[in-house]
Amino acid sequence: MRKIIATSGAAAIAAALLSLPGAANAAPSDTRQITSSGTTSIRSLAAGADGLQQPELRAGPDDEGPAAPSTRPDPNFKHGIFPKHPLEAPVVASSAVAATNPAVRASIQGLNHRDQRLANGGNQFSTEPPDQALCVGNGFTVESVNSVLRVYNANAVPVTGVQDLNTFFGYPAAFNRATGNQGPDVIDPVCHFDPDFGRFVVAITTLHVVPATGDFTGRNTIDVAVSNTGDPTGSWTVYSVPAQNDGTEGTPNHGCTTDGTTPGPCFQDYPHIGGDANGIYITTNEYDLFGPNFNAAQVFAFSKAQLAAHPTSVRVTLVPNLHLAGTPGFTVWPATSPANQYATDANGTEFMLSSVAGDGSETGNPTGTARRIGLWALTNTASLGAATPDLRVTNRVINSETYVVPPKAEQKPGPFPLGQCINDTTLATPFGPGCWQFFFNPPEPAHDEVISHLDANDSRMQQTWYTNGVLWGALDTAVRVNGQLKAGVAWFAVEPKINGAGKVGGKVEKQGYLGLANSNLTYPAITMLPNGKGAIAFTVGGADRYPSAGYAAISSAGAVGPIHIVGAGLGPADGFTSYKAFVGSPIRTRWGDYGAAVTDGRSIWMASEYIAQTCTLAQYVATPFGSCGGTRTSLGNWSTRITKITP
């Protein structure tokens with residue numbers, strides 16, 4: 001996630017801001033026709049061979065890694081929506097852990113790193129983190145991660161094989177191991193089921209590359225696949241939206257740069273998806289692709305009736321450069337709603353939520369703390385059915401409980417064979433003594449790798465859900481539990497309103513925290529059934545618990561139940577982003593970057609990351625190398641857990 005530098009501002013203005021009606025962004029002027037790039041389906045392709053196959057990692061910059069400080073002047077401090085000084089982590093009572101899981105109807109290991117790396121005959125790179133996508137409807141469940149997808153039935157039984165996303169979206173393989181050519185870098189999958197038309201939608205950001213070298217060309221697209229029927233095992237239609245926003249291919253010019261000065265392409269990061277009665281909405285965070293700057297959140301809006309008809313071309317309307325009280329909008333998450341739970345105000349409204357702390361830089365808030373959130377409304381969404389949609393966006397800063405960028409999550413000690421392999425200097429190999437030689441040419445790496453602390457996110461808003469007139473959201477926060485600083489969850493229930501002038505207002509009606517003694521709760525995803533029963537899904541882990549999949553029930557009255565462990569972790573995370581020899585220092589062990597929780601009208605489905613295997617170094621180096629009996633690959637051992645509950 002890219003970084004910018006900003007300073008804090010005068011808190012005296014904050015109260016005045018909070019008393020003003022919702023601010024409005026300029027109406028968009030960019031509606032384009034996007035021609036379909038063809039049809040596709042989820043096909044079962046043979047898996048690749050076990051064992052280490054170099055190259056395992058895509059060369060070049062990490063698209064979600066830190067960038068240099070921004071060269072743009074930042075005027076945000078004068079707006080005063082941020083605290084003058086960092087706020088203290090809230091003190092939270094520890095939740096209990098339930099002894100049984102009576103609401104669970106199905107719980108399975110979902111897609112994992114092995115599925116990802118060996119898909120498409122092994123013509124893939126190793127990737128971390130999974131970036132969890134999940135959508136459910138019509139008796140099917142679609143799960144996607146970086147960079148594969150699969151379909152399950154209503155009982156969580158797979159009904160397709162594992163399909164790589166490059167092939168699904170009509171691109172060459174990520175890495176053709178016969179020719180050495182590289183395909184586009186497809187990242188950050190999201191998934192949505194529209195209950196009105198019975199269509200599944202999967203979307204990604206695609207970074208296009210030079211096949212011979214893998215260098216980014218500058219072109220990037222938002223790729224949208226829509227099932228042609230209510231059966232996701234059948235045909236889908238794909239639309240590819242140019243999104244570099246540098247004035248090429250019909251995109252607007254948003255002024256992105258390569259070095260803070262020289263014009264260059266923009267890049268759409270961290271897409272997320274929602275929908276109302278009229279549209280499907282994909283929001284992104286826009287950065288310089290080759291430069292240091294964050295621009296602002298964007299919204300790509302589609303008529304869902306038009307998508308459902310899968311015509312030869314569809315309209316997409318870009319709502320550009322969202323700002324909140326003068327600061328760049330960051331991770332503005334659009335709401336998902338059950339059937340017939342849409343907001344009809346102002347000729348159709350899609351509500352969204354955002355944090356004003358983010359990661360402490362993109363939002364211009366250097367403290368990484370806040371006690372306010374952003375409430376957004378995209379109105380006149382019924383106009384998406386017209387040839388020239390006329391969408392309006394308004395927003396308001398509203399008071400909330402305090403939240404703070406969380407600390408990284410420690411792990412329970414256990415075998416970490418990839419790290420131990422890097423540390424080993426005696427194992428006999430074809431390249432000389434030392435297990436490290438399987439991965440590295442001289443110079444020899446330092447042999448001081450340790451079990452890492454997992455990335456626990458920043459404080460950006462996570463999944464947003466709208467039902468019965470209430471907008472639900474959750475984010476990661478530091479909490480102090482039994483005197484210890486841990487990663488926990490802050491959740492919010494907002495009652496939004498649209499006034500006579502079409503501006504959004506509202507306030508947080510209910511809110512609260514989740515924390516667990518000696519453990520961390522990370523990457524929450526909240527959902528709510530129309531009957532007032534909901535759940536918050538997350539990863540649970542700490543010094544006495546391996547990374548596990550868990551959830552807590554929550555009611556529309558704000559009552560939160562104990563924590564349920566539905567997928568107990570079996571060992572520490574042991575992927576390549578955990579080790580200096582692969583990613584440099586300081587490391588950032590990639591986890592998340594998001595989970596998922598959705599409803600099918602009766603049940604709740606959740607997906608979270610956890611660790612579903614363990615093995616020793618001796619098992620790791622046995623043939624086939626790095627597979628530990630078919631439970632992992634040489635460079636990663638993450639997994640996902642899919643759980644269905646009827647609360």
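View 1. Gln-244 lies in the loop between strand S11 (236-242) and strand S12 (266-275); strands are DSSP runs of E with at least two residues, numbered from the N terminus. The side chains of Gln-244 and Glu-249 are joined by a polar contact of 2.9 Å (a pair of N or O atoms within 3.5 Å; within protein, one must be able to donate a hydrogen and the other to accept it, and residues adjacent in sequence count only if both atoms are side-chain atoms). With neighbours within four places in sequence left aside, the residues in contact with Gln-244 are Gly-218, Arg-219, Asn-220, Glu-249, Thr-251, Pro-265 and Cys-266 (heavy atoms within 4.5 Å).

**View 2. Strands S27, S28, S29 and S30 form an open antiparallel sheet.** The order of the four strands is S27-S28-S29-S30, where two strands pair if DSSP finds at least two bridges between them. Strand S27 (519-528) and strand S30 (560-567) are the edge strands, each pairing on one side only. From one strand to the next, the twist averages 25° (axes are lines fitted to C-alpha atoms, and angles run from 0 to 180 degrees between N-to-C directions). Strand S29 (residues 545-555) pairs with S30 in the antiparallel sense over five bridges, and Tyr-551 has His-564 in S30 as its bridge partner.

**View 3. S27 and S28 form a hairpin.** Four residues separate the two strands, and Gly-532 in the turn has a positive phi of about 90°. S27 runs antiparallel to strand S28 (residues 533-542), joined by eight bridges; Met-528 stands opposite Gly-534 in S28. S27 is largely enclosed by the rest of the structure because 10 of its 10 residues are buried.

**View 4. A second open sheet has the strand order S4-S5-S6-S7.** The pairing in this four-stranded sheet is antiparallel. Its edge strands, S4 (133-137) and S7 (163-164), each pair on one side only. Two bridges link strand S6 (residues 148-153) to S7 in the antiparallel sense, with Val-148 opposite Asp-164 in S7.

**Notes.** Residues are numbered from 1 along each chain as its sequence is written, and side-chain values use heavy atoms, with hydrogens and water left out. In this predicted model, local features need pLDDT of at least 70 and side-chain atom pairs count only at pLDDT 80 or more, whereas totals for chains, interfaces and linings use all residues.

Note on methods:
Buried < 20%, exposed > 50% of the residue type's maximum accessible area, 1.4 Å probe, protein only.
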